[in-house]
Amino acid sequence: MDTHKLKPKVLQQTIAANKVGRKPGYLYVPAGALKPRLILLSFDKDFIAENEFSTYEELFQFYQQHPHARHWIDVRGYADLPLLEKFILDFDIHPLQMEDVINDYQRPKVEEDDGRLFIISRMINFTKDKCINDDQLSIFTGTNCVITFQSDYEDCLDVLRERIKAGKGVLRKRPVLYLAYAIMDVVIDNYFVVLVQIGEYIESLEDSLFEQPDKKTLNQILNIRREVNKLRRIAWSERDKINEMLRDEDMVPDEEMQPYFKDASDHTIQVIELIDNYREMIGNLTELYLSNVSNRMNEIMKVLTIISSIFIPLSFFASLYGMNFSRENPHGGVNKLNMPELYHPYGYIIVLSAMGLLVLVQLYFFWRKGWLSWSG
């Protein structure tokens, strides 16, 4: 169970149960962690081998047998504490860094130690529930290897693995830092894929607003706004991380590598700009929803006002003829001015006809004024 997928209250309880009071660098297996898969991709310009090992000893033995190759050690799943401790010992990983690997909701960041890098990136995907799921990818660079840790079996890096196997480009000729860059670059490029999906979803929400806006649509707008804000925080941290690498010569000492990381930084800027555009679009959708609701309310009020206007004079007629004045005075004489039409043999029909005629005159007047036309 990934802690970053939990609600805030549950997340706080999880952190408290696992971290409070324990010494720095304490390692524990997260609840629901997957059994580790150990995949080793070894290569140079003339050699390529991909293997999945059942034990760490087999992997490490193969790694030692090919000291001149470059290696991508891919660990998927954390449910084996002794295995993680072996990586700490054999690859000189600091326990605090391994703690960050396991406590897998760290913001994108980079740390340098004696020429080796510890990098955290966040892989994202847009789920069927229209939410952004972000998983942590932890990257360690060594002399001739890159080690990646992730909690899930699935990721967005298959395209990079295929490029290495196909031998296209310069991947198999470059140092391990280039492999680390390539991994981060694929993660960032996948942000654009997610943004395309979000853009299509925002357009569908816009269509829904014009067709039939309702509370469900408003909830969808508010939900995607929250997810886009979440993605913006991730993208900003990713940009800060890469810029930190560019500023520190110890992290990227090779001048030939500088343009690649600058290009990755440019990609993060493009991602942030797209996110800001989407945030503006979502804000416009909210205003459009409120405007549509207001317009519909105005139309309803107009109809009700017209109905009220029609019944006001009718109510006057009805109340007037309902006053029941006496026809005769106490002396037996006839009150000639007290509504004699009340006693006319056709008085009822005459009054109804007059009321109907008044309604028709009012409707004609409203129609001439254009008050009887409204948008659906």
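Predicted model: local features only at pLDDT ≥ 70, side-chain atom pairs only at ≥ 80, totals over all residues.
## Overall form

The chain has 376 residues and contains 9 helices and 7 strands. Its radius of gyration is 37 Å, whereas a compact globule of 376 residues would have a value near 21 Å. Along the principal axes, the C-alpha atoms fill a box of roughly 130 × 45 × 35 Å.

Residues counted as buried make up 43% of the chain. Taking contacts between residues at least 6 apart in sequence, 67% join residues at least 24 apart.

## Surface and charge

The chain carries 54 negative and 43 positive side chains. The centres of these two sets lie 8 Å apart.

## Nonpolar cores

In soluble globular proteins, nonpolar side chains tend to be buried together. In this model, the largest nonpolar core holds 59 residues. The members that touch the most other members are L160, L179, I183, I198, M245 and F261. Two or more residues each come from the strands β1 (37-44), β5 (116-126) and β6 (132-141), and from the helices α5 (158-166), α6 (176-211), α7 (215-247) and α8 (258-320). Helix α6 gives the largest share, 20 residues. Another core, of 28 residues, lies apart from this one, and F53, L83, F91 and I147 are among its members.

I198 gives a local view of the packing in the largest core. Leaving out residues up to four places away in sequence, I198 touches F126, I132, I224, V228, L231 and Y278.

Q97 is placed in helix α4. Q97 counts as buried because its relative accessibility is 13%, below the 20% limit for that class. Beyond residues up to four places away in sequence, Q97 touches E111, F118 and F140.

S121 belongs to strand β5. With a relative accessible area of 0%, S121 is buried. Its contacts, leaving aside neighbours within four places in sequence, are D135, Q136, L137, M184, V187, E238 and K241. S121 and M297 are 176 residues apart in sequence, and their C-alpha atoms are 48 Å apart in space.

## Loop residues with positive phi

Most residues other than glycine have a negative phi. D92 has a positive value, near 55°, and is not a glycine. D92 sits in the loop between α3 (81-90) and α4 (95-102).

K130 is another residue other than glycine with a positive phi, in this case near 65°. The loop that holds K130 lies between β5 and β6. K130 has a relative accessibility of 31%, so K130 counts as partly exposed; the limits of that class are 20% and 50%.

Conventions
Residues numbered from 1 in each chain as written. Heavy atoms only, no water. Helix = DSSP H or I, 4+ residues; strand = E, 2+ residues; numbered from the N terminus. Rg over C-alpha atoms; globule rule 2.2 N^0.38 Å. Buried < 20%, exposed > 50% of the residue type's maximum accessible area, 1.4 Å probe, protein only. Contact = heavy atoms within 4.5 Å. Lys, Arg positive; Asp, Glu negative; His and termini not counted. Charge placed at Lys NZ, Arg CZ, Asp CG, Glu CD. Core = buried A, V, L, I, M, F, W, Y, C linked by side-chain atoms within 4.5 Å.
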